[in-house]
Amino acid sequence: MSAEQLFPWCEAQWQRLLQQRAADRLPHALLLSGPVGVGKEGFAETLASLLLCHQPNNDTPCGHCHSCELHAAGHHPDLVRVSPEAEGKPIKVDQVRELIEHLHSTAQQGGYRVVIMSPAESLNTSSANALLKILEEPGRNTLLLLVCHQPGQLMPTIRSRCQRIDFATPSAEQSELWLQQKLKLEQDRAAQLLRLCHGAPLKAQALYEGDLLEQRKKLMSGLADLLRGRMAATELAQQLLKADLLQCLDWINSLLSDIVRIQLADLQEPAVNADMKRMLQAIAKRASSAQVFALADRIQEERVSLLLRQNPNRQLLLERLLLQWAELSR
């Protein structure tokens, strides 16, 4: 990734690091913190590309030296990416030990060695304690980039050894314009995608380009069928087993938020799920606020369980939530 691909809303953070680099004051570890979908991974890759480049031009990787070619091919020996071996799994202590061994060797291209760890909150207690050894003695010309969506889940001793750079959700205007240009969308369509993704532009892009829209359609159709008695909770839970569970919980939670807004504003337009307006208005008339908030609390409990990687039974989790959803209209 080159600097030309740096997202426009990250410019202030980028300039800050360029100033530190020019003054030879780059830290040995950066904690890139912010919501999912605001460009932290792209920022880390761009910074890595700049630091590894042998002939940077005006704070931009040249794109044609041997180091840039290795990076573009995904095989740079001095760039290490550390992530969970599977989604929802932790970063294991063996992965960190392997990283430590790698960093004890000399940089093969004679410059920086860069580590991109994402998401850093996936570290478990053992791997986090192992990482502390690197953070305390990283070695010369070594930069660790910890990409983190939930900084509160990181050990305080990890956070205290990193310089933190925060990434906020960009303004609606900036995100809409970027999506319109990137995906050739009309403004209304871009705005709808952003509402579904809480304003995160890269999540909106992934929603549009991937199969998440189809997953959402299946979920919304199933939820409507549950309310009408056309489908059992066990059947819908089975259909959703392979879906992104955290994303499904977020979508259901956004429906509940819309129901609360409708109830408080006397049946006004839903703030997020305008395409589900009729269903939401029907629930808002029938369900009590206590029912809605009880389901929202249950969803939050399950989200925390998933984020802490407690590995709950997905089928039972979904069945319980879907049965509680069906009760909203009774």
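Me: What classes of residue make up the lining of the second largest pocket?

Reply: By class, the lining has 6 nonpolar, 2 polar and 6 charged residues. The sorting goes by residue type: Ala, Val, Leu, Ile, Met, Phe, Trp, Tyr, Cys and Pro are nonpolar, Asp, Glu, Lys and Arg are charged, and the others, Gly among them, are polar. This is a predicted model, where local features need pLDDT of at least 70 and side-chain atom pairs need 80 or more, while totals for chains, interfaces and linings use all residues. Residues are numbered from 1 along each chain as its sequence is written, and side-chain values use heavy atoms, with hydrogens and water left out.

Me: Which helix gives the most to the lining of the second largest pocket?

Reply: That's helix 13, with 8 residues. Helices here are DSSP runs of H or I, at least four residues long, and strands are runs of E, at least two, all numbered from the N terminus.

Me: And the largest pocket: what is its lining like by class?

Reply: Its lining has 19 nonpolar, 13 polar and 11 charged residues. There are 43 lining residues, and V36, E87, D244, L246 and L307 lie nearest the centre of the largest pocket. Lining means having an atom within 4 Å of a point of the pocket, an open set on a 1 Å grid over the protein atoms alone where a 1.4 Å probe fits, with protein on both sides within 12 Å along at least five of seven lines.

Me: Which helices supply at least two residues each to the lining of the largest pocket?

Reply: Helix 9 (201-209), helix 12 (245-264) and helix 14 (289-307) do. Helix 12 gives the most, with 9 residues.

Me: Why are helix 12 and helix 14 called roughly antiparallel?

Reply: They pack at about 155 degrees, with axes 10 Å apart. Roughly antiparallel takes an angle over 145 degrees (under 35 is roughly parallel, 65 to 115 roughly perpendicular, the rest oblique), so helix 12 and helix 14 qualify. The angle is taken between N-to-C directions, from 0 to 180 degrees, using lines fitted to C-alpha atoms over the stretch in contact.

Me: What meets what between helix 12 and helix 14?

Reply: Among the residues of helix 12 in the contact are L246, L249, L256 and V260, and helix 14 brings residues including V292, F293, I299 and L307. The contact residues divide into 14 nonpolar, 3 polar and 3 charged. Contact here means heavy atoms within 4.5 Å.

Me: How do you know that helix 4 is roughly parallel to helix 5?

Reply: Helix 4 (residues 93-103) and helix 5 (residues 125-136) pack at about 15 degrees, with axes 8 Å apart. That puts them in the roughly parallel class, hence the name. V93, V96, L99, I100 and L103 of helix 4 meet S126, S127, A130, L131 and I134 of helix 5. By class that gives 8 nonpolar, 2 polar and no charged residues.

Me: What makes P119 and D24 worth a look?

Reply: S118 and P119 are joined by a cis peptide bond, with omega about -15 degrees. P119 sits in the loop between strand 3 (113-117) and helix 5. D24 isn't a glycine, yet has a positive phi of about 55 degrees. D24 is in the loop between helix 1 (11-22) and strand 1 (29-33). For background, most residues other than glycine have a negative phi, and most peptide bonds are trans.
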